[in-house]
Amino acid sequence: MTDQLNMSHHSSVADVSARPRFGLVLTLLAFAQLIISIDYNIVFVALPEIGLGLGFSAQTLQWVVSAYAVAFGGFLLLGGRASDLLGRRRMFVFGLVLYAVSSLVGGFATTPQILIAARAVQGLDGAFLFPATLSLVNTTFSEGRERNIALSVWAGSGAGGMVLGSLLGGVLTQAFGWEAVFFVNVPLAGIAIVAAFPVILGDSGYQSGGKFDLPGALTATVGTTLLVFTLVQGPEYGWASQGILVSAAVGILLLALFVAIEAHSRDPLLPLRLLANRNLSTGVVTTFLFTATFGSLLYFLSFYFQTVQGFGVLQTGFAFMVPMLAVLSGNALSGRMATRLGTRNTLVVSLAIGAIGTAGLGMAMSADSTYADLVPGLIVFSLGGGITFPTMFAAAAKGVAAHEQGIASGIASTGQQVGSAVGLAVLVAVANAGTGGLTGEALRVATAEGVRMAVYLAAAGTAAMILVALNFRRH
């Protein structure tokens, strides 16, 4: 199948001699996804130590995760549009530079506020890096078998980053303290920055001649941030509290204003016609639900291993190896399955596997469960998630023009990141509902039961995603 590069008037057919460069490009893009995945996953194992070291409360500790997700989700549309207008290599390098700087600040943080701010900037970095990386994959490799395989490699690197992040999180936290989980990002980002210039083609061919929609960017970012803040802090402040009600109302108003701005803008941040693409609009819902369910379970597994089963940080890191290797196996299968069965059918199968595995994991969880009791559920739910992740992005990108792959990647990724923040907020509220005022063994038992209920809710959400996936076009 002919490879396509997004050059000279948005795309041109690449010469066969360019294939060695394609291998180098895919390697670098996979490495970038590895960095993003490590950065996201490495903090889970270190969360209890971060909470103790900086004085977080049980409810506010989730902001170490949610601040990243809110900023990531809020700025993804701007990051995707920037890739189309300013060039994907420029945004790729820009995101990596910010990663290095914000990671240094995070490692040196002395208060919860500084760390949360650093994590928010890391999310901003990801909002520029992720759509640049994904759109480079989608424009470098032809739609169909070639792109399916490339996305499998890209996602597989992300799964590898989850394994490595879990292990590094345990090893570094135990050996050097929680600060090391931030410092490790700096040399990794430096390597990718140096490699980007000789490997990725220059940006002169990526210009589309449009202008930034700053009113749209501001209303979308602030509106999304306020709504996610409402969902995250609602359980602690009270849903009827003045701050929560004002936050929700202003957030909804700004998002309504955003839609009005986009409908009348000559160069909209989000061309509303793109949402008429059934694959892309369905993809946004799918990525939202996927990270609200599957993605949020990493948070609960970390606490279950350490709080209920009494694992240390290093043991917790090794405990994540089984599910992460299952995710990696699922990533490896996804490309072949999507080529043979089509993306829609592959998603239906993978989500059914994920729902069954998640329900099985919940059934195995209790205050007295051993790690061995959890292994079957961990393997099955992680295998399903591993197949789903690259396939949902492949399905969402089908039918999108090359010069709009950046904003399309931003749209799909927005669902992913906002889903992570919203899902975590809802599931944390469910898990913590019965733990108030308890200590000792009673708290451990209640924590196990709360986590179990959160896992059951995630299983139900994964099963519901099958109905959403049926809306993708057949391929």
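In the predicted model, a nonpolar patch on the surface is formed by Val97, Val101, Val105 and Ile114. Together these residues present about 290 Å² of accessible area. Helix H3, which spans residues 88-107, contributes the largest share of the nonpolar patch, namely three residues. Val97 is located in helix H3. This residue counts as partly exposed because its relative accessibility is 39%, a value that falls between the limits of 20% and 50%.

Five cavities of 30 Å³ or more were counted. The volume of the largest cavity is about 380 Å³. Its lining comprises 24 residues, and those nearest the centre of the cavity are Ser37, Tyr40, Met162, Phe389 and Gln416. Several helices take part in the lining of the largest cavity: at least two residues each are supplied by helix H1 (19-54), helix H2 (63-86), helix H5 (145-176), H10, helix H13 (321-341), helix H15 (371-397) and helix H16 (405-432).

Open pockets were considered as well. The second largest pocket holds about 370 Å³ of space. It is lined by 18 residues, among which Leu77, Phe258, Leu270, Val284 and Thr414 lie nearest its centre. At least two residues of this lining come from each of H2, helix H8 (214-237), helix H9 (242-264), H10 and H16. The largest share of the lining of the second largest pocket, four residues, is provided by H16.

Helix H10 covers residues 278-295 and includes Thr286. With a relative accessibility of 1%, Thr286 counts as buried, since the limit for this class is under 20%. When neighbours within four places in sequence are left aside, Thr286 is in contact with Met392, Met465, Val468 and Phe472.

Gly202 is found in the loop between helix H7 (185-199) and H8. Its relative accessibility of 35% is the reason why Gly202 counts as partly exposed. Gly202 and Phe381 are 179 residues apart along the chain, and a distance of 41 Å separates their C-alpha atoms.

Definitions and conventions. Residues numbered from 1 in each chain as written. Predicted model: local features only at pLDDT ≥ 70, side-chain atom pairs only at ≥ 80, totals over all residues. Heavy atoms only, no water. Patch = residues over 30% accessible without salt bridge, like charges linked within 9 Å, V, L, I, M, F, W, Y side chains within 5 Å. Areas by Shrake-Rupley, 256 points an atom, 1.4 Å probe, with all protein chains shown as cover. Salt bridge = Lys/Arg side-chain N within 4 Å of Asp/Glu carboxyl O. Buried < 20%, exposed > 50% of the residue type's maximum accessible area, 1.4 Å probe, protein only. Contact = heavy atoms within 4.5 Å. 1 Å grid on protein atoms, 1.4 Å probe; cavity = no way out; pocket = protein on both sides within 12 Å on 5 of 7 lines; lining within 4 Å. Points joined across faces, edges and corners; volume = space filled by probe spheres on them.
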